[in-house]
Amino acid sequence: MSCSAEKPNFRSPLKELQSPSWTDVWLKNKKALNHVLFNMHLHSRSNKQTLSPQLRKSLDFTLHSLVSDPTSTLSDEILLCILSKLPNSQRNSNSLVSKRWLNLQGRLVRSIKVLDWDFLLSGRLVIRFPNLIHVDLVNGSLISPQNSGIFCSHKLLSCHLDCNADPKDWFFKERSVLSSDEIDKGLRILASGCPNLRRLLVVNASELGLLSVAEECPTLQVLELHRCNDQVLRGIAACQNLQILRLIGNVDGFYKSSVTDIGLTILAQGCKRLVKLELSGCEGSYEGVKAIAQCCQMLEELILRDHRMEGGWLSALSYCENLKTLRFLSCKSIDHCGWFDEDVVSCRTLERLHFEKCQLRNKESLRTLFLLCQEVREVIFQNCWGLDNEMFSLSSGLRKVKSLCLESCSLLTTEGLESALISCKEIQSLKVISCSNIKDSEISPALSALFSTLIDFQWRPDTKSLLSAGLAGTGMRKRGNRYFKKTCDWKSLPGA
């Protein structure tokens with residue numbers, strides 16, 4: 001009786017550690033396989049005459065058939081350089097070529113407007129577009145139906161409205177805009193994924209969310225903040241490299257928030273490198289504007305849109321040491337208070353003064369403003385209400401004006417224009433557009449002589465008369481009975 005020992009059935013661990021076969025490597029590495037096949041093709045060209053037709057056809061490889069994507073042999077840097085030279089209209093089609101092109105095209109995108117907040121919270125935004133420098137989050141922060149059929153547009157924002165909601169209190173409801181916690185969560189994801197962010201537009205952010213952006217994005221230079229308040233401005237103060245800031249507090253029909261002297265003081269102490277500041281629907285007084293003027297010594301442009309400032313704030317502008325441009329947009333009033341001449345100190349660096357869609361009805365405030373701006377070189381009035389001859393005569397003190405633009409100022413007459421222009425000895429440019437009470441027939445010889453010395457002169461005070469003069473002799477704008485007279489004998493026409 002014999003017995004034999006059975007061999008143990010086990011797999012050698014060495015076989016498991018063995019490297020994969022060359023076949024597996026070739027199948028997984030497409031480039032290596034194509035390279036080998038292409039070399040075989042080159043080597044077989046010398047012996048191709050001795051092969052049979054069937055075998056010759058099977059070995060007839062071409063580079064186009066071996067490589068499905070010719071750009072796969074290019075590096076990412078070279079392909080990025082090529083894609084960057086293509087026009088922007090081809091970006092969407094380029095992204096459909098392959099996943100590689102999709103990723104590379106995303107690296108070329110620098111600016112984006114987010115409409116879906118979940119796209120940001122999921123992290124897909126920063127993965128898809130890692131090199132963003134300009135991000136607009138305003139529309140993505142609003143909770144509104146996309147196909148409601150009612151679209152509300154404002155100069156500061158636009159959105160769809162719910163047809164079942166009351167338009168008076170639509171935006172005041174908490175459900176109409178994302179909460180501050182959701183906004184802060186998105187800001188943290190954006191700041192961590194896009195550290196080179198330079199421009200940001202956001203609504204309803206809190207102090208903590210802006211602090212995360214200030215810490216992760218030191219290159220942030222432009223910030224537009226909707227629905228801000230004094231507490232939020234603590235986070236903005238941490239952005240030490242901020243140069244352009246737009247604060248939007250109150251927007252009629254949409255939302256209300258309060259920015260007072262406290263917030264303006266916090267802002268002035270933190271953002272000392274501001275070059276341009278816009279205060280839209282913000283409150284405040286003399287103290288807040290004075291703090292900005294003294295701390296932000298690099299400030300060159302100040303814009304006030306529909307401001308709610310207290311009386312007396314205007315004189316604080318005299319503390320601005322580098323202010324060059326002052327703009328008033330959609331303001332119901334300039335200032336509610338006036339001062340005596342000896343109390344007003346001129347801002348010597350101010351060069352440009354712009355009014356657009358403002359109500360200029362307070363004579364004392366406008367007179368004080370002109371005394372503050374005695375050094376201006378450029379003055380623009382566009383669609384301003386209340387600018388009659390008496391109000392415009394106050395500008396005669398601006399003797400250093402070189403450029404004057406009047407557009408859609410219907411109360412101003414030729415006499416009022418002439419009385420102010422005669423005192424402007426240095427004027428070189430004049431534009432009068434759509435001012436219906438300024439007539440060509442009322443121009444005096446002195447005013448005509450002044451026009452002849454101007455370098456830049458645009459004179460279109462009455463566009464209706466200009467249109468009529470341009471159509472003269474063309475037969476247009478005439479009634480049809482001029483051509484088809486009632487006395488015409490239709491029976492005399494051929495074929496009647």
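Guide: Let us begin with a term: a contact means heavy atoms within 4.5 Å. The model before us is predicted.

Visitor: Which residues does His-354 touch, not counting residues up to four places away in sequence?

Guide: His-354 has its place in strand 13, which covers residues 352-356. With neighbours up to four places away in sequence left out, the residues that His-354 touches are Leu-326, Arg-327, Phe-328, Glu-378 and Ile-380.

Visitor: How many Å separate His-354 and Arg-327 in space, C-alpha to C-alpha?

Guide: In sequence, His-354 and Arg-327 are 27 residues apart. In space, the C-alpha to C-alpha separation of His-354 and Arg-327 is 4.7 Å.

Visitor: Is His-354 buried or exposed?

Guide: A residue counts as buried when its relative accessible area is under 20%. The relative accessible area of His-354 is 10%, so His-354 is buried.

Visitor: Among contacts between residues at least 6 apart in sequence, what percentage join residues at least 24 apart?

Guide: The protein has 20 helices and 17 strands. Among its contacts between residues at least 6 apart in sequence, the share that join residues at least 24 apart is 66%.

Visitor: What percentage of the residues of the protein count as buried?

Guide: The accessible surface comes to about 28500 Å², and 53% of this surface belongs to carbon and sulfur atoms. Of the 496 residues of the protein, the share that count as buried is 40%.

Visitor: Which residues of the largest nonpolar core touch the most other members?

Guide: In soluble globular proteins, nonpolar side chains tend to be buried together. Here the largest nonpolar core has 104 residues. The members that touch the most others are Ile-236, Phe-328, Phe-355 and Phe-381.

Visitor: How many residues form the other core that lies apart from it?

Guide: Among the members of this other core are Leu-79, Trp-101, Leu-104 and Leu-108. The number of residues in this core is 6.

Visitor: Why is helix 14 said to be largely enclosed by the rest of the structure?

Guide: Helix 14 covers residues 261-270. What covers its buried residues includes helix 13, strand 7, strand 8, strand 9 and helix 15. Helix 14 is largely enclosed because the buried residues number 7 of 10.

Visitor: Which residues of helix 15 are buried?

Guide: The buried residues of helix 15 pack against helix 14, strand 8 and strand 11. These buried residues are Gly-288, Val-289, Ala-291, Ile-292 and Ala-293.

Visitor: Which element gives the most to the lining of the second largest cavity?

Guide: The second largest cavity holds about 40 Å³ of space. Its lining consists of Leu-279, Val-289, Ile-292, Ala-293, Leu-299, Leu-302 and Cys-320, and by class these are 7 nonpolar, no polar and no charged residues. With 3 residues, the element that gives the most is helix 15.

Visitor: What is the volume of the largest cavity?

Guide: A search of the whole structure finds 2 cavities of 30 Å³ or more. For the largest cavity, the volume is about 70 Å³.

Visitor: Which elements give two or more residues to the lining of the largest cavity?

Guide: The lining of the largest cavity includes Val-379, Phe-381, Ala-420 and Leu-421. By class, this lining has 9 nonpolar, 1 polar and no charged residues. The elements that give two or more residues to the lining are strand 14 (378-382) and helix 18 (414-421).

Visitor: How many residues of helix 18 are buried?

Guide: Among the buried residues of helix 18 are Thr-414, Leu-417 and Glu-418. What covers the buried residues includes helix 17, strand 15, strand 16, helix 19 and strand 17. Helix 18 has 8 residues, and the number buried is 6.

Visitor: What is the phi of Arg-227, which is not a glycine?

Guide: Arg-227 has its place in the loop between strand 6 and helix 13. At 14% relative accessibility, Arg-227 counts as buried. The phi of Arg-227 is positive, at about 55°.

Visitor: Where is the place of Asp-306?

Guide: Asp-306 is a residue other than glycine with a positive phi, near 50°. Its relative accessible area is 12%, so Asp-306 is buried. The place of Asp-306 is in the loop between strand 10 (301-305) and strand 11.

Technical notes. Residues are numbered from 1 along each chain as its sequence is written. This is a predicted model: local features need pLDDT of at least 70, side-chain atom pairs count only at pLDDT 80 or more; totals for chains, interfaces and linings use all residues. Side-chain values use heavy atoms; hydrogens and water are left out. A nonpolar core is a set of buried Ala, Val, Leu, Ile, Met, Phe, Trp, Tyr and Cys residues joined through side-chain atoms within 4.5 Å. Buried means under 20% relative accessible area, exposed over 50%, partly exposed in between (1.4 Å probe, protein chains only). Helices (H or I, at least four residues) and strands (E, at least two) are DSSP runs, numbered from the N terminus. On a 1 Å grid over the protein atoms alone, a cavity is a set of points where a 1.4 Å probe fits but cannot get out, and a pocket is an open set with protein on both sides within 12 Å along at least five of seven lines; lining residues have an atom within 4 Å of a point. Grid points are joined across faces, edges and corners, and a volume is the space filled by probe spheres set on the points. Ala, Val, Leu, Ile, Met, Phe, Trp, Tyr, Cys and Pro count as nonpolar, Asp, Glu, Lys and Arg as charged, and the others, Gly among them, as polar. Accessible areas come from the Shrake-Rupley method with a 1.4 Å probe; for residues, only the protein chains shown count as cover.
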